[in-house]
Amino acid sequence: MKICFWGDIGRALTDNTSGGGELQIALLAKALSKCGHEVVILDYQTSEDFVTEDGIKVVKINGKNNGIPIIGTFFNILPQFYRTLLEQEADIYYSRIRDFRHIIVYWAARKLKAKFVLGIASDLDVLNFIMRLKHHYLVNYTGLWGIINGIGIELVYPFLSRKSDMVLVQHEGQRKILSKKGIKSTIFPNLFSPEIVPSTHNQNSKVFIHVGELQKRKGFIEFFNVVKKAPGHFFKVVGQPSGRSGFLFYEELKSLKNVKLFGRLSHTQTIQEIADSTALISTSPMEGFPNIFIESWACGVPVMSLYVDPGGIIEKNDLGIVAHGKMDMLLRALNTVSSDDEFKSRSKAYVENNHVLNSKRIQEIDGLFKRLLDVSQKPEKG
């Protein structure tokens with residue numbers, strides 16, 4: 001069986017991921033490769049083709065923006081992307097992370113009579129337009145290309161979610177939302193590689209960590225307010241600012257004595273900093289199933305979330321604190337949160353049972369994709 005992925009994935013295969021969705025694609029690709037399947041990734045960031053130690057083939061997408069960039073994209077790069085997809089002659093084409101170019105992958109799959117899989121990477125993928133407008137479009141201006149991509153996404157995602165041969169969601173909450181729309185989906189929890197967990201944990205005092213994109217859309221302003229209102233606590237920040245407000249509040253943080261700014265770190269370095277913390281703080285108003293939550297629990301570190309609790313996992317399994325949007329509740333919890341041996345044992349067991357990419361999980365993934373090919377008729381949606 002041959003599976004084709006696409007995106008900025010090459011860096012995620014070499015401990016330099018550009019995002020959570022890219023990391024999940026990389027881990028899935030590694031799992032399928034371990035099953036003996038042929039895996040190819042079309043990468044628009046790499047400058048040359050290469051093969052990883054896992055046997056995954058990374059292929060660059062050719063094409064240049066000659067003249068006006070947007071015109072070059074539609075008349076040069078995208079047609080070349082379609083041709084490269086067809087050249088792979090894969091049995092399954094997989095798309096994840098909101099992008100209108102998924103429709104090109106879908107067309108290629110249908111042209112080859114192959115299967116098309118859509119992976120959900122955020123709750124925004126399944127919620128209504130008003131929620132996306134509020135939590136994404138109005139707080140994430142990205143220029144002309146962002147506008148074009150946004151319009152394209154709104155046009156193609158409802159179509160793809162209904163026409164895909166398989167839709168994979170991250171948690172039960174996403175599945176229920178799609179089910180109400182008459183769309184059948186399969187829960188596919190985020191994957192986690194246990195090799196990256198540090199062997200030591202050097203926590204000597206209370207230290208809180210914030211990891212991710214430092215921008216308004218991800219709740220960076222709310223995190224800044226947490227730091228300002230808790231001068232008696234120490235905070236670490238991993239990530240780079242983006243957007244006007246992101247840079248503005250990042251500069252403000254530089255003047256505070258209870259903050260250490262790391263900038264961008266490798267994935268391995270980030271996990272080490274999480275392990276050396278009392279708790280992970282998340283102030284993002286909208287997510288899917290953040291990888292850093294899983295990584296924190298794998299290190300025995302609780303999650304303190306202002307808004308997000310994917311599928312109710314945190315409260316159901318007592319894996320930290322959910323403030324339900326109440327800043328005062330989050331601030332009070334800074335004084336009481338801890339990770340004793342009982343918590344460490346419980347959080348690590350949760351990750352082991354639900355996310356670790358072990359031999360059992362790899363076999364389940366293998367079976368899931370094999371069954372997709374074995375189905376002679378696409379199952380009814382609903």
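Figure 1. Helices (H or I, at least four residues) and strands (E, at least two) are DSSP runs, numbered from the N terminus. Ser282 has a relative accessible area of 7% and is buried; buried means under 20% relative accessible area, exposed over 50%, and partly exposed in between (1.4 Å probe, protein chains only). Apart from neighbours within four places in sequence, Ser282 is in contact with Phe293, Met304, Ser305 and Leu306, where contact means heavy atoms within 4.5 Å. Residues are numbered from 1 along each chain as its sequence is written, and side-chain values use heavy atoms, with hydrogens and water left out. Because the model is predicted, local features need pLDDT of at least 70 and side-chain atom pairs count only at pLDDT 80 or more, while totals for chains, interfaces and linings use all residues.

Figure 2. Helix 10 (residues 291–298) is mostly covered, with eight of its eight residues buried. The buried residues of helix 10 are Asn291, Ile292, Phe293, Ile294, Glu295, Ser296, Trp297 and Ala298. Gly300, which follows helix 10, has a positive phi near 75 degrees. The axes of helix 10 and helix 13 are 7 Å apart, and the two helices pack at an angle of about 130 degrees. Axes are lines fitted to C-alpha atoms, for helices over the stretch in contact, and angles run from 0 to 180 degrees between N-to-C directions. Helix 10 and helix 13 are therefore oblique to each other; angles under 35 degrees count as roughly parallel, over 145 as roughly antiparallel, 65 to 115 as roughly perpendicular and the rest as oblique. Ile294, Trp297 and Ala298 of helix 10 meet Phe343, Ser347, Lys348, Tyr350 and Val351 of helix 13. The residues of this contact comprise six nonpolar, one polar and one charged. In this classification Ala, Val, Leu, Ile, Met, Phe, Trp, Tyr, Cys and Pro count as nonpolar, Asp, Glu, Lys and Arg as charged, and the others, Gly among them, as polar.

**Figure 3. Contact of helix 1 with helix 14.** Helix 1 (residues 20–34) and helix 14 (residues 359–374) have axes that come within 9 Å and cross at roughly 85 degrees. Helix 1 is thus roughly perpendicular to helix 14. Helix 1 contributes Leu28, Ala31, Leu32 and Lys34 to the contact, and helix 14 contributes Ile362, Ile365 and Phe369. Of the residues in the contact of helix 1 with helix 14, six are nonpolar, none is polar and one is charged.

Figure 4. Leu357 lies in the loop between helix 13 (341–354) and helix 14. With a relative accessible area of 10%, Leu357 is buried. Its C-alpha atom is separated by 5.5 Å from that of Ser193, 164 residues apart along the chain. Not counting residues up to four places away in sequence, Leu357 touches Leu27, Ala31, Leu191, Phe192, Pro194, Ile362 and Ile365.

**Figure 5. The largest nonpolar core.** The largest nonpolar core has 31 residues, of which Leu42, Phe81, Leu85, Tyr93 and Phe116 touch the most other members. A nonpolar core is a set of buried Ala, Val, Leu, Ile, Met, Phe, Trp, Tyr and Cys residues joined through side-chain atoms within 4.5 Å. Elements that give two or more residues to the core include strand 1 (2–6), strand 2 (38–43), helix 2 (69–88) and helix 5 (143–163). Helix 3 supplies the largest share, six residues. Leu42 touches, among others, Cys4, Val59, Ile61, Phe81 and Leu85. A second, separate core of 30 residues includes Leu28, Leu168, Leu357 and Leu372.

**Figure 6. Cys4 and Cys35.** The structure holds zero disulfides, a disulfide being a pair of cysteine sulfur atoms within 2.5 Å. The cysteine sulfur closest to that of Cys4 is in Cys35, 17 Å away and too far for a bond. Cys4 is buried, at 1% relative accessibility, whereas Cys35 is partly exposed, with a relative accessible area of 25%.

Figure 7. Most residues other than glycine have a negative phi. Glu89, although not a glycine, has a positive phi of about 50 degrees. Glu89 is in the loop between helix 2 and strand 5 (92–96) and is exposed, with a relative accessible area of 60%. Lys113 has a positive phi near 60 degrees and lies in the loop between helix 3 and strand 6. At 78% relative accessibility, Lys113 is exposed.
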